[in-house]
Amino acid sequence: MTVEWNSFFSRRTKKISGSQIRQFFALTERPEVISFAGGFPDNTYFPQTEISNSLASLVHADTKQALQYSPTEGSYDLRKVLCEKMSRDGKLCETSSLIITNGSQQGLDMLGKVLINPGDPVLVEEPAYIGGMSAFKSYGGNTVGVDMDEEGPIPSSMEQTLKQHSGIEKRPKIFYTVPNFQNPTGITTSLKRRFEILAIASRYNLIIIEDNPYGDLYYDQDVPLSYKALDREGRVIYLGSYSKILIPGIRIGWLAGPGPIIEKVSMVKQTADLCSSSLGQQLAYRLTREGYVDKHIARLRQLYRVKRDTMLKAMEQHFPAGIKFSKPGGGFFIWVNFPSYYPGSRELLDLALQQNVAFVHGEGFSSQGGGLRSARFSFSQPSIDDIRFGIKILGEIFWEIEAGCTVQLAGQQF
Ligand SMILES: Cc1ncc(COP(=O)(O)O)c(C=O)c1O
């Protein structure tokens, strides 16, 4: 008898479906495809020599710390240097209120586990990071979008959504936000908006989950003060990560928040994995303590700035004027909006893939059926030449669409 696996799965996991980004990887990983789809860092920027030297010395000189299990909440040394880093940016933090995670994705998952009951509405940005929404949905959360403009989440949209939910038993208690160079739009929430959102959070007793993997990667000017730094009521939980500023392969991130949250998350982490990789933590600690991570970040800013500028310039040059795109001050992503007379972005992606170019269509980033005519373009991984060439190819596809639309419109007129 063959096993009917579906009948074994828990009710909770039956609802989980694969992220469209993961599904795309198979397609975009074909060597002939120029991919603007994945949000990976550029492999060629990984500091192989420094990592290799540091690992060699760790394995020999620091065996106990690097090769043994570590405390569930993480190495004290690493937590200390991270608190110092956060405090430099005004985010007051003590080692006891910071826990090391396997990337910020584990932080999101654990927060989902400790905070969300099935059916709970969770406020997210519209559009939002797919991995965040998936984590919350996997615990039964219903994501509810707060509209955004170029300054970030719109306070009136947030308040309206909260009022709509105030009469029902389950009121939102969480707002999840990526305030710097947001994935997927590249938008940075202005300082004024951060104050306004915090005031709403206070009025409606919301917790803010501030996910900040891109804040250090600014290419024009530094980012505004974080929610964590502005918070006077202890209602912000902050997530940081080494994935974009060093390497994702060590899977090291951190979660900083009020004591009761850290305590609960620690318990959940204990059953999930006992501890994060000791080797990864010691590597992150050494390279941070020695000042190498800061130096590397400064280098990354220069390198990714050139890629961002190349993609924006190519879009300006090759895309028809009706296509609008964000101009991010940092991070990895540009959000593209197509005119209403274009085919949906899913169909555009099919056309692009026929020419061996990939991006992510916007639907998966929406919690309310939006994103039909939007797409996320990532400039982090492809080479400068591929960025120029891939955008030129897409420009040709879009100009053909424009020509077809003009003929159709002209046909209708006569
Ligand atoms: C907004 C956001 N949050 C979290 C993550 C997960 O990152 P990590 O590698 O730290 O788990 C990503 C990864 O791309 C991201 O874009």
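**Legends to the close-up views**

**Loop between H9 and E7.** Asn205 is placed in the loop between H9 and strand E7 (207–211). Its phi is positive, at about 55 degrees, although Asn205 is not a glycine. Helices (H or I, at least four residues) and strands (E, at least two) are DSSP runs, numbered from the N terminus. The model shown here is predicted: local features need pLDDT of at least 70, side-chain atom pairs count only at pLDDT 80 or more, and totals for chains, interfaces and linings use all residues. Residues are numbered from 1 along each chain as its sequence is written.

Glu126 and Pro127 are joined by a cis peptide bond with an omega of about 5 degrees. Pro127 belongs to the loop between strand E3 (121–126) and helix H7 (130–137). A cis peptide bond also leads from Asn183 to Pro184, where omega is near 20 degrees. Pro184 is located in the loop between strand E6 (174–177) and H9.

**Packing of H6 against H11.** The axes of H6 and helix H11 (residues 259–273) come within 10 Å and cross at roughly 110 degrees. H6 is therefore roughly perpendicular to H11. Axes are lines fitted to C-alpha atoms, for helices over the stretch in contact, and angles run from 0 to 180 degrees between N-to-C directions. Angles under 35 degrees count as roughly parallel, over 145 as roughly antiparallel, 65 to 115 as roughly perpendicular and the rest as oblique. On the H6 side, Met110, Lys113 and Val114 meet Lys264, Val265, Val268 and Lys269 of H11. This contact comprises four nonpolar, no polar and three charged residues. Two residues are in contact if their C-beta atoms, placed from the backbone, lie within 7 Å.

**Packing of H8 against H9.** Helix H8 (residues 155–164) and helix H9 (residues 191–203) pack at an angle of about 15 degrees, and their axes are 10 Å apart. The two helices, H8 and H9, are therefore roughly parallel to each other. The crossing of H8 and H9 is right-handed. A crossing is left-handed if the near helix is turned anticlockwise from the far one by less than a right angle, and right-handed if clockwise. Pro155, Met158 and Glu159 of H8 meet Arg193, Glu196, Ile197 and Ile200 of H9. Four nonpolar, no polar and three charged residues make up the contact of H8 with H9.

**Packing of H3 against H12.** Helix H3 (residues 48–61) packs with helix H12 (residues 278–289) at an angle of about 115 degrees, the axes being 10 Å apart. H3 and H12 form a right-handed crossing. H3 contributes Glu50, Ile51, Ser54, Leu55 and Leu58 to the contact, and H12 contributes Leu279, Gln282, Leu283, Arg286 and Leu287. Six nonpolar, two polar and two charged residues are found in the contact of H3 with H12.

Contacts link 31 residues of domain 1 with 32 residues of domain 2. On the side of domain 1 that touches domain 2, helix H13 (292–318) and strand E11 (333–337) each supply at least two residues. H13 gives the most to that side of domain 1, with five residues. By class, the side of domain 1 that touches domain 2 has 12 nonpolar, 13 polar and six charged residues.

How values were computed. Nonpolar A, V, L, I, M, F, W, Y, C, P; charged D, E, K, R; others polar.
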